[in-house]
Amino acid sequence: MSNKFYCIKSAHQEVNVRELKVMGFKKKLAVVFLVSVMLIMNISAIHGYAYKDLPEDIRIGIYFERSAVASTTIGSQTGFEIGYEKDGQFVSLFSDAAVKALVVRKDTFFAKNGDQMQEYSLNGPNIPQGKKYGPYHIQLEGNYSNYDSAMQQVDSLGQKGLKAFPAFTGGSFKVWTGLYTSQQEAQDALEQVQRLAEGKNCSVITPNSSRIQILLPGKEEPELIFENNPFSLLVQPLPGKGQIPLVNINGKDYRGGVEFKRFSDSDMTVINVVNFEEYLYGVLPYEMGGSWPLEALKAQAVAARTYAALHMNKYAKYGFNLCSTTASQVYGGYKGEQPNCTKAVEETRGKILTYNGKPAYIYYFSTSGGYTEDIRNVWGGPGVPYLVGVEDKYEPTEKADRGIWKIEMTPEKVEELLKAQNYDLGKIISIKPIEYSAAGRVIKLRITGTKGEHTFERDKTRTIFGANFVNSQYYTISTDSDIYAAGKNVKNPTLTTGSEIKVISSKGVTSINPSIGRLYTKGANTKKSYAITPQLYTFNGKGWGHGVGLSQWGARGMAEAGFKYDEILTHYFPGTQVE
């Protein structure tokens, strides 16, 4: 057993993190969004107002639910500080600047095959080969005030041939031994352990789904077993001279620390605990490129900060605030940071967008196509005064990715896409927009098939075709069976065939059954035929995204035209203010 760690604080001593620069974590402020009070701040030599109710730190879920892990490797070039947070204060258990990597895993059943450790279940169909380790342990009599005193006992037992390790459980340190795979195996070892422990009372510890092991890479015995109840294991990098303290989670660097949580019968939830503003360093580059105009980046920074402030309780049941994916805001940690994006965050530090003194609901997207959309035409509901359609005349739509787009689909492809969304209309006969918003987006779309028809409304007119297929609701549809009428009084030159076509012949007005396949017309010198049922649907569209709120390419265009970030935001969110 390697005595690598030394204790710097008692497990029972609560440390005010504002006074511990070495820890890097600050006391978390209460997040209260019901009161709007502005205070004067001087940040980075920038004078102005900033919203006061932002937290110091934010917790970002990296692995959780289906992505939760049984084991992970974390690294730090500056060493580690290990402890937990209680009532907003960090309590240190031990630290070591020499340790650059740790394995953190569930206290459960593992099999070692070569250099690989594989979790298994006793009730599983396939138990892997190799040496087995389990969550049964033997506890030796005695409580220890800190890690150092527990390690002294561990070292003493090691000299007698008994491999042991500290365990932090119930708010104090114990000394445990063994990674047994069954209670019987632990019970069989009890007499020998008690003899080596010179008569100390010993007892078998049965599995607990809240326990976590901390190991040095390549070692079999833990450096510590931490019982994740009621506190959560928190590991952070130590400060390094001339270095940004970073923690590496499975090969990816993050500022701040990493927290591990276990819930009943679950894998480990892995959380990055990071300063709120530094979190935005890792968000902004994934929304706008660092080469974009600074004022556009600043507008995006305020938008991202506002979104985070308003959704701090989104994942409260898992013990964190937001996740790192598009389900919240894409967060890439340290690697993706860009200087101009960081500058934009710093020059707007603490500022959010408010409406009537409260954080505004923030939505943003890539490209509007020239006009943003009223939220009621996308997601329904009663409407929001500042989430209405506005002209987006500075947006360089033609330059933007998917600013102008065209998609072609066969009836068979449409049928396939609809079935993937659990709509079976049979063979597709027609697709027809039947209502547009004032901004020009489709808000009602009727699709007719041989098994019936269905009218899709609002954002369903886009999403019914699947994610990232139809880029926006801003489109028109043409087909290979459209008939174009001519004449000075013709209001709609495109007469779409399909289920609704009628013709005038010598016998009067006649409805055409699509099942006849083709329509033939005959003039004085010409004869033409048309497909009754379209064989190709062409979507000609503009814009990318839902169209509500801030157009990112529009913000770029406004910045290039000389607008400041607050002017950009209040244009897209009329009636709001930056504070």
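Guide: Gladly, and let us start with aromatic rings. Rings of Phe, Tyr and Trp (its six-membered ring) pair if their centres lie within 6.5 Å; planes under 30 degrees apart count as stacked, over 60 as edge-to-face and the rest as tilted. Here Tyr84, Phe94, Tyr147, Phe168, Phe173, Phe226 and Phe231 form one aromatic cluster.

Visitor: Before we go on, what kind of model is this?

Guide: This is a predicted model, where local features need pLDDT of at least 70, side-chain atom pairs count only at pLDDT 80 or more, and totals for chains, interfaces and linings use all residues. Residues are numbered from 1 along each chain as its sequence is written, and side-chain values use heavy atoms, with hydrogens and water left out.

Visitor: How many aromatic pairs are there by that rule?

Guide: The count comes to 23 aromatic pairs. Take Phe94 and Tyr147: their ring centres are 4.1 Å apart and their planes are at 35°, so the pair is tilted.

Visitor: Which parts of the chain does that pair tie together?

Guide: For this we need helices (H or I, at least four residues) and strands (E, at least two), which are DSSP runs numbered from the N terminus. Phe94 lies in strand β6 (residues 89-96) and Tyr147 in helix α1 (residues 147-159), so the pair ties together parts that are 53 residues apart in sequence.

Visitor: Is Phe94 buried or exposed?

Guide: Buried means under 20% relative accessible area, exposed over 50%, and partly exposed in between (1.4 Å probe, protein chains only). Phe94 is buried, with a relative accessible area of 0%, and Tyr147 is buried with a relative accessible area of 0% as well.

Visitor: What about the protein chain as a whole?

Guide: Of its 579 residues, 52% count as buried. Its secondary structure comes to 10 helices and 39 strands.

Visitor: Rings can also have a charge over them. How do I read that?

Guide: A charge sits over a ring if NZ of Lys or CZ of Arg is within 6 Å of the ring centre and within 35 degrees of the ring normal. The charged end of Arg402 sits over the ring of Trp544, 3.8 Å from its centre. Arg105 lies over the face of Phe110, at 4.9 Å from the ring centre.

Visitor: And how many salt bridges are there?

Guide: A salt bridge is a side-chain nitrogen of Lys or Arg within 4 Å of a carboxyl oxygen of Asp or Glu. By this rule the count is 23 salt bridges. One of them joins Glu85 to Arg59, with the closest N and O atoms 3.4 Å apart. Glu85 lies in strand β5 (residues 80-86) and Arg59 in strand β3 (residues 57-63), so the pair ties together parts that are 26 residues apart in sequence. Both Glu85 and Arg59 are buried.

Visitor: Now the strands, please. How do they pair?

Guide: Strands of a sheet pair through backbone hydrogen bonds, either parallel or antiparallel. Two strands pair if DSSP finds at least two bridges between them. Look at strand β28 (residues 442-449), where 6 of the 8 residues are buried. Strand β27 (residues 428-436) runs antiparallel to β28, joined by 7 bridges, and Ile431 stands opposite Ile447 in β28.

Visitor: What takes a positive phi in the hairpin of β27 and β28?

Guide: That is Gly440, with a phi near 105°, in a hairpin that has 5 residues between the strands. A hairpin also joins β28 to β29, through 2 residues. Strand β29 (residues 452-457) runs antiparallel to β28, with 6 bridges, and Thr455 in β29 is the bridge partner of Arg446.
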